[in-house]
Amino acid sequence: MLSLARLAQSAAAAAVLVTSALPALADGEVNVYTTREPGLIQPLLDSFTKETGIKANVIFVKEGLAERVATEGANSPADLLSVVDHGNLIELVDRGLTQPVKTEALEAAIPANLRDADGQWYALSMRARVIYASKDRVKDETLTYEDLADPRFKGKVCIRSGQHPYNTSLIAAMIERDGADATKTWLTDLKGNLARKAGGGDRDVARDILANLCDIGIANSYYVGLMRSGKGGPEQQEWANAIRVILPTFKDKAGTHVNVSGAAVAKNAPNKENAVKLLEFLASQEAQEIYAKANFEYPVRAGVAADPIIAELGTLTVDPTPLTAIANDRKQASELVDVVGFDG
């Protein structure tokens, strides 16, 4: 029979073996609430866990993420809040659901105009608001957003609802640059140029250009990758092959308007240290490459290449207007859409 001392030694040795066999548990967990489709964010979380040993639990919240976190209050298990559209990021801050985080790694990786000045949120990928133009019927090589209201495009423009966040963001950026009165005039003239009622999705713009319903329209860059890669099926490849993509600027030529996906550390994060580690990982070279390949988005980190399909669109120069400034004008942008009856 083994002595008590020998039994204690055996138990200790077994504990060491069990601990060494479970490195991920030793490093803890991080809980991610996200509005991003699980298939898009999971490859990033898998890479993070492989690199750090930290288990990433993801909860997909299609709608009402801010409301859910607010309702959970101090007992919320959320550590990192991951959303699409900078307006959603700023809503989280405005509702007091985030906490400031500043690290050298984050500030070195993410440009100042793509993050909150106090570190409340950080952009992690970009999608440019670009122009889809018929290869056959539009000869312009460069265009501004303002050009779309030119009378020469009368009855030739397609666009989704003016109230969609992608468009209210663009309209807000114009308010920030040109003022509300000039933006109202632009919206009125753009409505007069529509080939059909504003609506549908961005990919429908390419579809309708192929069908000769319109010649030109506004849509997001990453849909070009989804269509041309074949991920949307052969029909959408035909749509994409009918268009030429122009990276427009506002009339001051400063850069192209972008919207973002991003993340913030939750105010009551029970695993704050791991949330910060995940945020830093998402801004790393490795993760930024995944963003580019998985969803044809532009990386925010300098030196990381876009997917070849997106790179073929040309060199993206990002409009330097801070996203926080644009967000402040989004309510007014939405009101202008209704005032001019843009979607009517």
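## Nonpolar core

The largest nonpolar core has 109 residues, a core being a set of buried Ala, Val, Leu, Ile, Met, Phe, Trp, Tyr and Cys residues joined through side-chain atoms within 4.5 Å. Ile110, Leu114, Tyr132, Ile216, Leu278, Tyr298 and Phe342 have the most contacts inside this core. Strand S4 (residues 122–134) gives the largest share of the core, 9 residues.

Isoleucine 110 is in contact (heavy atoms within 4.5 Å) with Arg115, Tyr122, Ala123, Leu124, Ala283 and Val300, leaving aside its neighbours within four places in sequence.

## Basis of the model

This is a predicted model, in which local features need pLDDT of at least 70 and side-chain atom pairs count only at pLDDT 80 or more, while totals for chains, interfaces and linings use all residues. Residues are numbered from 1 along each chain as its sequence is written, and side-chain values use heavy atoms, with hydrogens and water left out.

## Asparagine 295

Asparagine 295 lies in helix H13 (residues 285–295); helices are DSSP runs of H or I with at least four residues, strands runs of E with at least two, numbered from the N terminus. Asparagine 295 counts as buried because its relative accessibility is 6%, where buried means under 20% relative accessible area with a 1.4 Å probe, protein chains only. Leaving aside neighbours within four places in sequence, asparagine 295 is in contact with Arg36, Leu40, Arg127, Tyr222 and Leu226.

Conventions
Buried < 20%, exposed > 50% of the residue type's maximum accessible area, 1.4 Å probe, protein only.
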